[in-house]
Amino acid sequence: MPKTKWWVGLAVSLSIAALAGCGSSGEDSGPAVTSPAAEASQDGAPNTADIPDVVAEVNGETITKDDFVPLYETQYQQMMMQAQQGGQPVDEEGLKKQTAENLVSTKLLSQEADKRGIEASDDDVSTALDETAQASQMSKDDFLAAMADQGMDEKKVHEELRTQLKIEDLIADEFGEFEVTDEEIGAAYQRAKDQQEQMASQSGQEAQVPSLDEMRPQLEEQVKGEKSTEATQKFAGELRDKGDVTINL
């Protein structure tokens with residue numbers, strides 16, 4: 001069982017991104033954007049009163065409001081921060097549809113993993129939880145507490161991590177090992193170098209960019225991750241074309 005490194009739209013993955021970016025559960029997200037399209041409650045959370053109890057049906061299985069809301073609220077908080085920087089309101093309707101599509105893709109991939117008998121052990125899930133908390137720069141207990149603040153108790157976090165691990169093994173079963181060429185590593189290095197130099201220029205400093213050899217292991221993992229994500233999205237689309245999906249938003 002591989003370590004969990006790349007995410008494909010799971011609720012826990014997006015909550016992790018918010019935690020890593022904010023260093024908190026996201027409650028300190030600043031003032032809401034004052035726009036009808038971004039109307040939010042006083043605590044910065046979006047209005048979810050109109051979300052149906054069954055958000056989607058995927059091959060006879062349901063995605064419920066309880067599944068949807070934690071992911072949507074976390075995404076909304078991230079979009080709110082971007083909106084404050086860019087001066088654009090949050091497109092709540094578009095975000096709802098995107099969130100539902102992410103959950104549908106995850107359900108389709110999980111169902112396919114179950115068909116193939118792919119499972120994740122309790123030890124795998126425990127290891128993934130430790131790594132995820134560490135990546136979020138939190139202790140395991142603090143991470144679980146922050147996730148609970150976002151509506152995901154420990155059982156739900158374990159369920160989401162188990163699903164993610166199953167999907168990772170599904171993609172490995174379908175596509176095998178992703179190969180990375182020297183040309184791809186070189187292109188990734190150039191992008192990283194350009195970004196560092198641009199940031200340094202904006203701050204009036206000189207860019208300190210490690211050599212390609214120093215960054216090679218990190219760049220190789222990055223390119224593999226990009227290929228894995230692309231393959232996962234493509235495979236989810238193929239499963240959807242063959243499946244029976246209804247979204248009720």
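1. Strands β1 (54-58) and β2 (residues 61-64) pair in the antiparallel sense over four bridges; strands pair if DSSP finds at least two bridges between them. Ala-56 is placed opposite Ile-63 in β2. Two residues separate β1 from β2 in a hairpin, and Asn-59 in the turn has a positive phi of about 50 degrees. Strands (E, at least two residues) and helices (H or I, at least four) are DSSP runs numbered from the N terminus.

2. This is a predicted model, with local features needing pLDDT of at least 70 and side-chain atom pairs pLDDT 80 or more, while totals for chains, interfaces and linings use all residues. Residues are numbered from 1 along each chain as its sequence is written, and side-chain values use heavy atoms, with hydrogens and water left out.

3. The largest nonpolar core has 30 residues, and Phe-68, Val-104 and Leu-109 have the most contacts inside it. Such a core is a set of buried (under 20% relative accessible area, 1.4 Å probe, protein chains only) Ala, Val, Leu, Ile, Met, Phe, Trp, Tyr and Cys residues joined through side-chain atoms within 4.5 Å. Two or more residues each come from β1, α2 (65-86), α3 (92-115), α6 and α8 (212-242). Another core, of 14 residues, lies apart from it and includes Val-125 and Leu-161.

4. Beyond four places in sequence, the contacts (heavy atoms within 4.5 Å) of Phe-68 include Ile-51, Val-55, Leu-103 and Leu-249.

5. Helices α4 (residues 122-135) and α6 (residues 154-175) pack at about 105 degrees, with axes 9 Å apart. They are therefore roughly perpendicular (65 to 115 degrees). Axes are lines fitted to C-alpha atoms over the stretch in contact, with angles from 0 to 180 degrees between N-to-C directions.

Definitions and conventions: Angles under 35 degrees count as roughly parallel, over 145 as roughly antiparallel, 65 to 115 as roughly perpendicular and the rest as oblique. Buried means under 20% relative accessible area, exposed over 50%, partly exposed in between (1.4 Å probe, protein chains only).
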